[in-house]
Amino acid sequence: MGSTEDLGYPQDILRYSSGFLVSKVMFTACELGVFDLLLESGEPLSTDVIAARLGTSTTGMERLLDACVGLKLLAVELTQEGALYRNTDISNIYLTKSSPKSQYHIMMYYSNTVYLCWHYLADAVREGRNQYERAFHISSEDPFGAMYRSEEEMLKFMAGQNSVWSVCGRDVLVAFDLSPFKQVCDLGGGGGALAREYVSLYPNSTVTIYDLPKVIQVAKEQFVPPKEHRITFHEGDFFNNSIPEAELYILSKILHDWDDDKCRQLLAKICKACKPGGGVLLVESLLNEDKSGPLETQLYSMNMLVQTEGKERTAAEYSKLLKTAGFGEVQVKRTGKLYDAVLGRK
Ligand code: ASE
């Protein structure tokens, strides 16, 4: 009674303390190419062989491989020649570079960019703003100027977002029957993975990817195959340039980058450009109305604090933004997955 034993062994606290170690083990195994090598090899390999092929120390590699076994990202079997490691199914699908569902690029973005911003999380909370100045010694005035500070950073971000949509895109696009919308504009559509999913699900539609000129250039060159004639491009800055007419606008993880004022401004502009009977589809990770969860979304909201001007919001918050901007009817579909869908009709 009243003793610390009544609180139980502090398992959650200990697990949370090592959470970042777990992430970094997975990121590092991806970065060093462990999963790619084991996929390529087609047979289980020893630490010595893996270390030699990847140019690492054996002592470091052995510990990394064992930690991956603990995380069930690798499986180990003990043979007479010693321990042999192989990928698990989940690693083959999500952690190898060449898989169509590869999450490799988002991992590299988390590990090498997001991680550095999170070092200054306490400063972000104290100041209520992103941490580009501390992390990268660059101005934080314009978050996308900072995020796209080099072509390499922009590419990493675009490839990262594309890997997310290769896994989550379908769920958010089937949440509503979007087949009546033939002329679609994906604002901030980046590398185009969601646009590609859209035209594959709704083959009678065309999608225009609207993004900054330097993003469009890379999307055309590296991400969207030229033979995909149902996808077109429009260069611009949606805050400062005009928005083309369309039946459906997609804002996929765009509003979460911006404060309420900017969101209202953008949505009002979209509502003006939108054809009668048209609408806007918001793709976002929705917080519970009392903001009690989901944990993943609460953590993303912290990430928006360290990296952008935005935050994650509840369905009621998005509905209010849409209605204020002139959209009359709003429907919300929770997918039960990471990303949800909100449809506003003009
Ligand atoms: C943004 C998205 C992200 C802005 C900054 C960001 C992500 C990381 N940093 O719009 C990706 C969010 N996470 C996932 C899994 O998609």
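I take a contact to mean heavy atoms within 4.5 Å. With that cut-off I looked up the contacts in the protein with a separation of 6 or more, and residues 24 or more positions apart account for 65% of them.

**Entry: the model.** I note that this is a predicted model, in which local features need pLDDT of at least 70 and side-chain atom pairs count only at pLDDT 80 or more, while totals for chains, interfaces and linings use all residues. Residues are numbered from 1 along each chain as its sequence is written, and side-chain values use heavy atoms, with hydrogens and water left out.

**Entry: overall form.** I found 16 helices and nine strands in the protein; these are DSSP runs numbered from the N terminus, helices being H or I of at least four residues and strands E of at least two. The C-alpha atoms fill a box of roughly 70 × 65 × 40 Å along the principal axes. Of the 346 residues, 47% count as buried, that is, under 20% relative accessible area with a 1.4 Å probe and protein chains only.

Entry: UniProt, in an unreviewed entry, places the feature "active site" at His256; its positions follow the numbering used here, feature names are shortened, and annotations may be inferred rather than shown by experiment. I located His256 in the loop between β6 (246-252) and α14 (260-273). With a relative accessible area of 6%, His256 is buried. Beyond its neighbours within four places in sequence, His256 has contacts that include Glu284, Met304, Lys311 and Tyr318. Its side chain also reaches the backbone oxygen of Lys253 at 3.1 Å.

**Entry: Glu197.** I placed Glu197 in helix α12 (residues 193-201). Leaving out residues up to four places away in sequence, I list Trp165, Gly169, Arg170 and Leu173 as touching Glu197.

**Entry: Ala219.** Helix α13 (residues 213-223) holds Ala219, which is buried with a relative accessible area of 0%. Among the residues that Ala219 touches, apart from those up to four places away, are Met158, Gly190 and Phe233.

Key. Buried means under 20% relative accessible area, exposed over 50%, partly exposed in between (1.4 Å probe, protein chains only). A polar contact is a pair of N or O atoms within 3.5 Å; within protein, one must be able to donate a hydrogen and the other to accept it, and residues adjacent in sequence count only if both atoms are side-chain atoms.
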